[in-house]
Amino acid sequence: VSEANAEYTFTLGNIGTLIPGASFQSATYGDGDYKNAGLTFLNGEDATITTVSGFIRTDISPVKNLRVLAALRADKFSSHDDVYLAYELASTYKLNENNLIRFALTKSNSGSFIGNNDLNFIAPLAPGINLNRVGNENLDLFTVQMVELGYRVKVSKSLQVDIDGFLQKADQFSALLTSQRLAPTVPLRQEFLNVPTEATQTGATFAVNFVPNEKIQIKPFLTWQKTETKNLPSSYSTEEVGTQIGEPVTYSNSKHRATPSVYGGYYLQYNPVKNLSLNVTGYYMSAQTQYAEVDQKIDDIMLVNAKVAYQIKSVTLFVNGRNIFNNDSRQFWGTDRAGNTWLAGITLDLSK
């Protein structure tokens with residue numbers, strides 16, 4: 001892996017800063033040392049991918065109470081051979097001491113990956129017959145556009161409320177599709193290809209920061225989102241293969257259930273007496289169904305963490321419990337069932 005970065009900061013008086021820059025990245029992968037030991041993903045060859053980028057970003061306050069962050073980046077990938085533009089425009093405006101609004105508009109794309117571009121997996125099916133899984137150096141890169149609007153209000157000295165709404169659109173998905181079959185159930189060639197699927201996500205976050213006194217702080221939050229897909233293929237086959245085997249590929253629109261529709265949690269800090277602190281955090285994810293060759297139902301999950309600490313001058317003693325109720329539900333398809341973990345320790349601050 002080789003990487004070089006350069007940037008320079010221009011100060012725009014009392015307004016802010018302007019930072020142009022450039023970067024170069026190169027990565028070479030090879031699995032030739034492992035080809036004799038069995039199947040390899042690059043068939044014993046080397047593959048290199050490079051990225052040349054230029055960017056400019058600013059952080060300015062053109063008028064009182066207004067802050068604007070803007071950035072523009074251009075990436076030139078060796079595969080595929082196009083220039084991709086990414087941008088961000090984010091702004092906050094302080095209406096008064098108790099009210100603030102914020103806005104963000106962004107566009108980003110994935111990187112260019114060795115696996116998608118240069119995969120060359122060859123597995124024998126029978127004498128003289130192989131299954132080939134190959135990459136594609138001409139894939140359009142996955143792209144996401146987002147707009148976000150938020151509002152923060154200080155209701156009282158001890159209570160602050162945040163409300164945020166967002167909309168995201170994603171397109172230029174790619175998938176490993178069967179492009180040649182020996183028989184209806186025996187693929188001979190599979191390759192990465194773009195699919196016409198699009199996804200739209202809308203959602204909102206509600207958060208509260210409540211500090212009734214110097215001993216306690218409570219910060220709950222809740223995010224709700226809905227994701228819908230368009231033009232989702234009915235199978236992992238090209239249209240030509242689908243027609244050949246009598247199972248034409250069709251496209252449908254649906255609600256995407258592989259992402260939790262509700263995510264929330266809380267942060268609680270309590271200091272009952274001097275030098276003693278109790279911290280409790282937790283988060284919740286609603287049920288999801290992640291689809292692979294067989295759909296996998298992931299139940300909703302609630303995890304709770306707690307930490308008790310006591311400070312004696314420069315020494316802090318603590319006990320920390322992660323997932324204290326030992327909820328062993330999976331959080332994502334294929335992951336381990338994580339149990340609880342208990343830790344005890346001592347922290348020494350040498351500056352005191």
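This report walks through selected contacts, ring pairs and charged pairs in the structure above. The model is predicted.

**Arg73 and its surroundings**

Start with Arg73. This residue lies in strand β5, which covers residues 66-77. Arg73 has a relative accessibility of 29%, so it counts as partly exposed. Two side chains make polar contacts with the side chain of Arg73. One belongs to Ser53, at 3.1 Å. Another belongs to Asp75, at 3.0 Å. The pair Arg73 and Asp75 also forms a salt bridge, with the closest N and O atoms 3.0 Å apart. Asp75 is buried, because its relative accessible area is 8%, and buried means under 20%.

What else does Arg73 touch, leaving out residues up to four places away in sequence? The list holds Ser23, Ser53, Gly54, Phe55, Tyr84, Leu85 and Ala86. Glu88 is 15 residues from Arg73 along the chain, and the C-alpha atoms of these two residues are separated by 9.1 Å.

**Aromatic rings**

The whole structure holds 6 aromatic pairs. In one of them, the ring centres of Phe77 and Tyr84 are 6.2 Å apart and the planes meet at 65°, so the pair is edge-to-face. The angle decides the label, because planes over 60 degrees apart count as edge-to-face. Are Phe77 and Tyr84 buried or exposed? Phe77 is buried, at 5% relative accessible area. Tyr84 is buried too, at 11%. Elsewhere, ring pairs link Phe221, Tyr263 and Tyr283 into a cluster.

**Asn99 and strand β7**

Now move to strand β7, residues 99-109, where Asn99 is found. Asn99 has a relative accessibility of 16%, so it counts as buried. The side chain of Asn99 is joined to that of Asn96 by a polar contact of 2.9 Å. Beyond its neighbours within four places in sequence, Asn99 is in contact with Tyr93, Lys94, Tyr151, Arg152 and Val153. Two of these names, Lys94 and Arg152, return below.

**Salt bridges**

How many salt bridges does a search of the whole structure find? It finds 9. The table shows some of them.

| Pair | N to O distance |
|---|---|
| Arg73 and Asp75 | 3.0 Å |
| Lys94 and Glu97 | 3.7 Å |
| Asp164 and Arg102 | 3.7 Å |

Look at Lys94 and Glu97. Lys94 is partly exposed, at 31% relative accessibility. Glu97 is exposed, at 65%.

Next come Asp164 and Arg102, whose side chains meet in a salt bridge. Asp164 lies in strand β11 (residues 159-171) and Arg102 in strand β7, so this pair ties together parts that are 62 residues apart in sequence. Asp164 is buried, at 8% relative accessibility. Arg102 is partly exposed, at 22% relative accessible area. Salt bridges with shared partners join Arg102, Arg152, Asp162 and Asp164 into one network. Arg152 in this network is also a contact of Asn99.

**A nonpolar surface patch**

Finally, turn to the surface. Which residues form a nonpolar patch there? They are Tyr8, Phe10, Leu12 and Ile15, and together they have about 400 Å² of accessible area. Leu12 is found in strand β2, residues 10-12. Leu12 has a relative accessibility of 36%, so it counts as partly exposed.

Key:
Residues are numbered from 1 along each chain as its sequence is written. This is a predicted model: local features need pLDDT of at least 70, side-chain atom pairs count only at pLDDT 80 or more; totals for chains, interfaces and linings use all residues. Side-chain values use heavy atoms; hydrogens and water are left out. Patches are made of residues with over 30% relative accessible area and no salt bridge: like charges are joined within 9 Å, nonpolar side chains (Val, Leu, Ile, Met, Phe, Trp, Tyr) within 5 Å. Accessible areas come from the Shrake-Rupley method with a 1.4 Å probe; for residues, only the protein chains shown count as cover. A salt bridge is a side-chain nitrogen of Lys or Arg within 4 Å of a carboxyl oxygen of Asp or Glu. Helices (H or I, at least four residues) and strands (E, at least two) are DSSP runs, numbered from the N terminus. Buried means under 20% relative accessible area, exposed over 50%, partly exposed in between (1.4 Å probe, protein chains only). A polar contact is a pair of N or O atoms within 3.5 Å; within protein, one must be able to donate a hydrogen and the other to accept it, and residues adjacent in sequence count only if both atoms are side-chain atoms. Contact means heavy atoms within 4.5 Å. Rings of Phe, Tyr and Trp (its six-membered ring) pair if their centres lie within 6.5 Å; planes under 30 degrees apart count as stacked, over 60 as edge-to-face and the rest as tilted.
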